Amino acid sequence: MTDTAAEPLVLQLPDLFGGPMEVHNLVSDFTGTISVKGKLLPGVAGRIMRLADRGVKIYYMTADTHGTVREALHGLPLEIIKVEVGDDKPKRIKERGFDVNHTVVMGNGRNDMAMFRWAHFGIAVMEGEGVSGGLLGICIQSEWPVVKSACNALDLLLYPPCAQATDRD
């Protein structure tokens, strides 16, 4: 039996974004994006596991507003990166050498705007803690999806035809 690496997840993006995108990294905010009031939302853990099984490396950048991120994400195949302010997010991404062409970002807050400005593709998440108007503006200008839940956002990556339907002319 040979050991083979997981086939990278390929997310088909429209020509506007340069065609198909091979997703190597998912960089997401935690508070308000995949958690509400510091608690991981139902269904998110299983989707994180499926993305990791497909070879996607997952990173959560957070100031940890509620102080719960380590407990909430314990045991999941991901890395937690603490940041003080939103401008730290693209700096941390660049320090790790992530290729913008292979990294998807997710977020909901004003402190995610710098990360979204850096990105080639982002998904804004409108969970129970709301979404920043500035972040929505970046998504609207870039023609990126805005979804109502973290599970919907992760499903766009797990089921590329959903993303294709969103971006169809």
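User: Which residues are buried in H3?
Analyst: Asp88, Lys89, Pro90 and Ile93 are buried in H3. Buried means under 20% relative accessible area, exposed is over 50%, and partly exposed is in between, using a 1.4 Å probe and protein chains only. Before we go on: this is a predicted model, where local features need pLDDT of at least 70 and side-chain atom pairs count only at pLDDT 80 or more, while totals for chains, interfaces and linings use all residues. Residues are numbered from 1 along each chain as its sequence is written, and side-chain values use heavy atoms, with hydrogens and water left out.

User: OK, what do the buried residues of H3 pack against?
Analyst: They pack against E3, E6 and H4. Lys89 is one of the buried residues in H3, and its relative accessibility is 1%.

User: What is Lys89 in contact with?
Analyst: Leaving aside neighbours within four places in sequence, Lys89 is in contact with Asp29, Met61, Val83, Asn111, Asp112 and Met115. Contact here means heavy atoms within 4.5 Å.

User: Switching to the sheet. What order do the strands come in?
Analyst: Six strands make an open sheet, ordered E7-E6-E3-E8-E9-E10, and the pairing is parallel. Two strands pair if DSSP finds at least two bridges between them.

User: Which strands stand at the edges?
Analyst: Strand E7 (79-82) and E10 do. Each has a single partner strand, so one side of each is left without a neighbour in the sheet.

User: How many bridges are there between E3 and E6?
Analyst: Five: strand E3 (residues 25-29) and E6 pair over them in the parallel sense. Asn25 stands opposite Lys57 in E6.

User: Where does H3 sit relative to that sheet?
Analyst: H3 packs on the sheet and touches E3, E6 and E7. The direction of H3 makes about 145° with that of E6. Axes are lines fitted to C-alpha atoms, for helices over the stretch in contact, and angles run from 0 to 180 degrees between N-to-C directions.

User: What about H1 and H6, at what angle do they pack?
Analyst: Helix H1 (residues 44-53) and helix H6 (residues 150-158) pack at an angle of about 20°, and their axes are 10 Å apart. H1 and H6 are therefore roughly parallel to each other; that label is for angles under 35 degrees, with over 145 counting as roughly antiparallel, 65 to 115 as roughly perpendicular and the rest as oblique.

User: Which residues meet there?
Analyst: From H1, Val44, Arg47, Arg50 and Leu51 meet Ala150, Cys151, Leu154, Asp155, Leu157 and Leu158 in H6.

User: New topic: how many aromatic pairs are there?
Analyst: The count comes to three aromatic pairs. Rings of Phe, Tyr and Trp (its six-membered ring) pair if their centres lie within 6.5 Å; planes under 30 degrees apart count as stacked, over 60 as edge-to-face and the rest as tilted. Take Tyr59 and Phe98: their ring centres are 4.7 Å apart and their planes are at 50°, so the pair is tilted.

User: Where are Tyr59 and Phe98 in the chain?
Analyst: Tyr59 is in strand E6 (residues 57-62), and Phe98 is in the loop between helix H3 (88-95) and strand E8 (103-107), 39 residues apart. Tyr59 is buried at 10% relative accessible area, and Phe98 is buried as well, at 13%.

User: What about Phe116 and Trp144, what kind of pair do they form?
Analyst: A tilted one, with 6.1 Å centre to centre and 55° between the planes. Phe116 is in helix H4 (residues 113-118), while Trp144 is in the loop between helix H5 (133-142) and strand E10 (146-147). Phe116 and Trp144 are both buried, and together with Phe121 they form one aromatic cluster.

Technical notes
Helices (H or I, at least four residues) and strands (E, at least two) are DSSP runs, numbered from the N terminus.
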